[in-house]
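Subject: The structure we talked about

Hi there,

Here is the structure I promised to send over. Have a look at it first, and then read on for my notes.

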Amino acid sequence: MVSGSLASDPHYVTITAVKNGAAYLLIKKDNKVVGSVAIDVVAERTVATLELDKYSVTVSKSTDLKNAIPVKATVKDQYGDDIDATLTVECLSTDVKNLKAANVTGDTYYTYDGKKTVTFNYTADAGNYVYKISYKKDGKEVVAKTVSVAVKTVDSSKVNGWRIDVNNVDLKVDKDNKDAKDVVIKVIGTNDGVDAKEAKINSCEVKDKDGKEVTTTTSGSAIVVKAVTTATSGSAIVATKVLPVGTYSVKATVTGTDGKDVILTTSFTVKDTQAVTSVSVEKNSVSASTVEEALQKAITVTYGDKTYGKAGNAKNDDIIITKVTGTSNVQGAFDTTGKDKKKPASLSKGEYFTETKATVEVEVDPGVFVVTEVSVPGAITIE
């Protein structure tokens, strides 16, 4: 079904899907077809696959660690996109004496955040458990995976091994991922392969793929690398990605039980599965007194189905620009923020700038914004 008219501002129509299949929107002028748009109406999104980041875990009952272990689920629809889903967690079996699987429920054994993560608790009785994590629709199971959980008692006073623990990070920000994100590095002392206690890290070196050292901070006995920082703006959350995508090496040193240094190495990966933010230059020349004003008039920025900028459809929101770098043919390289940086003075007629990068805010979900850098192709000339 089609409603609206291309003849009246803002020149768009609303399409409502009725059933699956192929359709064509015919555009007419003076009762003659002047254009057509093919439309593929697909089935309603529904849960199709479920995967876990771990299928077996060992949970230490060491009270020095209290290391409840999270298992994260990834749920996708039939088109391969992430989809929200409420999961069901149930115990299938356990070898703990006098404990029935049906009674393995509640915070003593596991917690579920209602969305993606099931955390298995160190307060459970020592033994082996098999859990099923599933998605059900109308009471019927659609997809399911099992995870084996071994809960082991350990003497934390007897450490005979070490391991370095670090988490990978996805920089994606949305309504389900709007908190700050850190890479947390810990060194764990083990007893016969079971986590026993967390060790104090004497030194820690984190480097990117080019060997450049990354800034770290200390938090208790752990080392932290900031990946995503957040700030509030009224009721909105504004997230900034501060750690570039890539693989990082880690070298940490602790004091062994013999008093000598123990050196451990590992690596972690930073990825970003956020949808791409794109830029379109709508006008190559504009009248403006600042670089920011020129970009506001010249470009549009698109994220998902939302477009920013007045250069195209006048109904779009403004582009929120926090920083611009580039090169002016009159004033040379510039950076609109930062101490001792050159910021262009009032722009002159005929001046143009290239190699332009703008840091902008885009709304990825209602009330959730991401600060991201975009590249502006070509040259923007001042009229």
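Below are my notes on what turned up. Please keep in mind that this is a predicted model.

As background, nonpolar side chains in soluble globular proteins tend to be buried together.

If you set aside its neighbours within four places in sequence, Leu243 is in contact with Leu171, Val183, Val214, Val225, Lys226, Ala227, Tyr248, Phe268 and Val270. Two of those names, Tyr248 and Phe268, come back in the next part.

Aromatic pairs

The structure holds 6 aromatic pairs. One of them is Tyr248 with Phe268, a stacked pair with 5.2 Å from centre to centre and 10° between the planes. Tyr248 sits in strand S21 (residues 246-255) and Phe268 in strand S22 (residues 261-271), so this pair ties together parts that are 20 residues apart in sequence. Both Tyr248 and Phe268 are buried.

How are the rings of Phe334 and Phe353 arranged? Their centres are 6.1 Å apart and their planes stand at 90°, so the pair is edge-to-face. Here, too, distant parts of the chain are linked: Phe334 is in strand S28 (residues 332-335) and Phe353 is in strand S29 (residues 352-365), 19 residues apart.

A hairpin and its turn

Next, please look at strands S3 (residues 21-29) and S4 (residues 32-41), which pair in the antiparallel sense over 9 bridges. Within this pairing, Ile27 has Gly35 in S4 as its bridge partner. The hairpin has 2 residues between the strands, and Asp30 takes a positive phi near 55° there. Asn31 lies in the loop between S3 and S4 and has a phi near 65°, a positive value in a residue other than glycine. Most residues other than glycine have a negative phi. Is Asn31 buried or exposed? With 67% relative accessibility, Asn31 counts as exposed.

Glu355 is another residue to look up. Its phi is near 50°, again positive in a residue other than glycine, but Glu355 lies in a strand, S29. Glu355 has a relative accessible area of 61%, so this residue is exposed.

A buried serine

Which residues does Ser62 contact, leaving aside its neighbours within four places in sequence? They are Tyr122, Val154, Ser156, Asp195 and Ala196.

That is everything from my side. Happy browsing!

Best wishes

Key:
Residues numbered from 1 in each chain as written. Predicted model: local features only at pLDDT ≥ 70, side-chain atom pairs only at ≥ 80, totals over all residues. Heavy atoms only, no water. Contact = heavy atoms within 4.5 Å. Pairing = 2+ DSSP bridges. Helix = DSSP H or I, 4+ residues; strand = E, 2+ residues; numbered from the N terminus. Phe/Tyr/Trp six-rings, centres within 6.5 Å; stacked < 30°, edge-to-face > 60°. Buried < 20%, exposed > 50% of the residue type's maximum accessible area, 1.4 Å probe, protein only.
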